[in-house]
Amino acid sequence: MKYQIRPLEERDIAAIVQGEKEIFGESLGYDMISTDLKLNPYAHYLVLEIDEEVGGYLGLWITGENAEIINFYIAKKYQGLGFGSMLLDFAINLCKMSKVKSISLEVRKNNLPAIKLYEKFGFVFSHVREAYYRDGTDAHVLIKELEVKE
Ligand SMILES: CC(C)(COP(=O)(O)OP(=O)(O)OC[C@H]1O[C@@H](n2cnc3c(N)ncnc32)[C@H](O)[C@@H]1OP(=O)(O)O)[C@@H](O)C(=O)NCCC(=O)NCCS
């Protein structure tokens with residue numbers, strides 16, 4: 001299995017939209033991702049390429065001292081192999097290099113695999129956003145504080 005983490009390119013977007021629909025039942029959408037890629041200087045989209053296909057991705061906005069994980073998945077067939085940890089670790093290191101002090105994200109309150117992964121990487125529960133998702137599920141906001149070395 002050959003894999004690498006690299007920045008998102010326009011040619012990846014169709015596969016990502018498809019992957020998001022399969023996993024979340026909905027997608028950020030081609031246009032939003034494409035516009036973010038071209039016009040949003042704060043957006044960082046990372047692709048995990050496995051055997052020349054999109055095996056996962058993580059979208060991150062870095063705005064000064066704060067960063068937010070916008071979306072993150074590993075394709076079903078590659079889950080449970082450590083790739084999610086690898087991609088999250090890469091994103092956290094990118095934040096550290098950018099002198100980010102705090103990373104936040106929303107996760108469905110019943111998404112235990114993701115919550116366990118985030119906790120493993122030092123994210124802690126901050127607060128609930130009630131009925132945040134379209135189906136009425138609450139989101140848990142998790143935050144990881146980073147030590148910035150001057
Ligand atoms: C959450 C997700 C990204 C994890 O990716 P992954 O490649 O499967 O994760 P890893 O193999 O690196 O596992 C890392 C840790 O996640 C947790 N985890 C992963 N799958 C789990 C499961 N089925 N049940 C419980 N914990 C799980 C464990 O803590 C695991 O660490 P461990 O192996 O030491 O126990 C992946 O399951 C996924 O894409 N899920 C659907 C989309 C999603 O929920 N995205 C997050 C939105 S906020």
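Good morning. The shell around the ligand consists of twelve nonpolar, six polar and three charged residues; here Ala, Val, Leu, Ile, Met, Phe, Trp, Tyr, Cys and Pro count as nonpolar, Asp, Glu, Lys and Arg as charged, and the others, Gly among them, as polar.

This is a predicted model, in which local features need pLDDT of at least 70 and side-chain atom pairs count only at pLDDT 80 or more, while totals for chains, interfaces and linings use all residues. Residues are numbered from 1 along each chain as its sequence is written, and side-chain values use heavy atoms, with hydrogens and water left out.

Of the 21 residues around the ligand, those that come nearest are Phe72, Gly80, Gly84, Ser85 and Asn111; a residue is near if one of its heavy atoms lies within 4 Å. Among the DSSP runs (helices, H or I, at least four residues; strands, E, at least two; numbered from the N terminus), H4 gives the most to this shell, six residues.

Let me turn to the polar contacts, pairs of N or O atoms within 3.5 Å. A backbone N or O atom of Gly80 lies 2.8 Å from a ligand oxygen atom, and for a backbone N or O atom of Leu81 the value is 3.3 Å. In the side chain of Lys120, an N or O atom is 2.9 Å from an oxygen atom of the ligand.

Finally, the aromatic rings. Tyr45 and Tyr57 form a stacked pair, 6.0 Å centre to centre with 10° between the planes; rings pair if their centres lie within 6.5 Å, and planes under 30 degrees apart count as stacked. Tyr45 belongs to strand E2 and Tyr57 to strand E3, twelve residues apart.

How values were computed. A polar contact is a pair of N or O atoms within 3.5 Å; within protein, one must be able to donate a hydrogen and the other to accept it, and residues adjacent in sequence count only if both atoms are side-chain atoms. Rings of Phe, Tyr and Trp (its six-membered ring) pair if their centres lie within 6.5 Å; planes under 30 degrees apart count as stacked, over 60 as edge-to-face and the rest as tilted.
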